[in-house]
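Here are a few notes to read alongside the model. Have it open as you go through the points.

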Amino acid sequence: MANGSADPTFSLWYSHNPSFSNPFANETMGGSVNIPLRIFDRNQGEKARTQLDIGRNEKLRDASQAQVFSDVDSAYVALTGALSLLRPYKTNYLPQAESVRDTVAFSFQNGAASLLDFLDAQKAFRDIRLSYLNLIGSYLTAASQLNLAAGREVIP
């Protein structure tokens, strides 16, 4: 923009020699002001291209910001979803499955339950425990994704 501006030029002059238009004027002084008219400005295309590049880069910056916010939001939703699934397993399902397994094991040891019932209770407990461990893994994955999206350690 600075190179494209038209600056007026001021000049003053003094002459001791006579001019041809007036041979008796030995001492002459004059001044002029030059203001260029930018009719055919070759710099206008560069100005327009620069403005387009500035607008494009601003839109790319805005898109990058929106992508970062979207990544953080989706990672946070994944983290809260994993937590909401993990809590009932820790408070209800795992203790219930352990209680059922212990009850069936006691019944099996005293002859009141069959081996098939004991093995079925043991399998159900292990399935619940495996689901719980998988949910812990998905929680840790979601926490690391949130840390990555935020660019710092949000969830230690």
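**Notes on the predicted model**

1. Phe-10, Val-33 and Ile-35 make a nonpolar surface patch with about 350 Å² of accessible area together. Patch members have over 30% relative accessible area and no salt bridge, with nonpolar side chains (Val, Leu, Ile, Met, Phe, Trp, Tyr) joined within 5 Å; areas are Shrake-Rupley with a 1.4 Å probe. Phe-10 sits in strand 1 (residues 9-15), strands being DSSP E runs of at least two residues and helices H or I runs of at least four. At 61% relative accessibility, Phe-10 is exposed (over 50%; buried is under 20%, partly exposed in between).

2. This is a predicted model, with local features needing pLDDT of at least 70 and side-chain atom pairs pLDDT 80 or more, while totals for chains, interfaces and linings use all residues. Numbering starts from 1 along each chain as its sequence is written, and side-chain values use heavy atoms, leaving out hydrogens and water.

3. Helix 1 has a kink of about 45 degrees centred on Tyr-89, the bend being the angle between axes fitted to the seven residues ending there and the seven starting there. Tyr-89 is also among the buried residues of helix 1, which pack against helix 2 (115-150).

4. The salt bridge count is 4 (a Lys or Arg side-chain nitrogen within 4 Å of an Asp or Glu carboxyl oxygen). One of them joins Arg-49 to Asp-53, closest N and O atoms 2.9 Å apart; both lie in helix 1, about one turn apart. Asp-102 pairs with Arg-101 at 3.3 Å, and Arg-101 is buried at 18%.

How values were computed: Buried < 20%, exposed > 50% of the residue type's maximum accessible area, 1.4 Å probe, protein only. Contact = heavy atoms within 4.5 Å. Patch = residues over 30% accessible without salt bridge, like charges linked within 9 Å, V, L, I, M, F, W, Y side chains within 5 Å.
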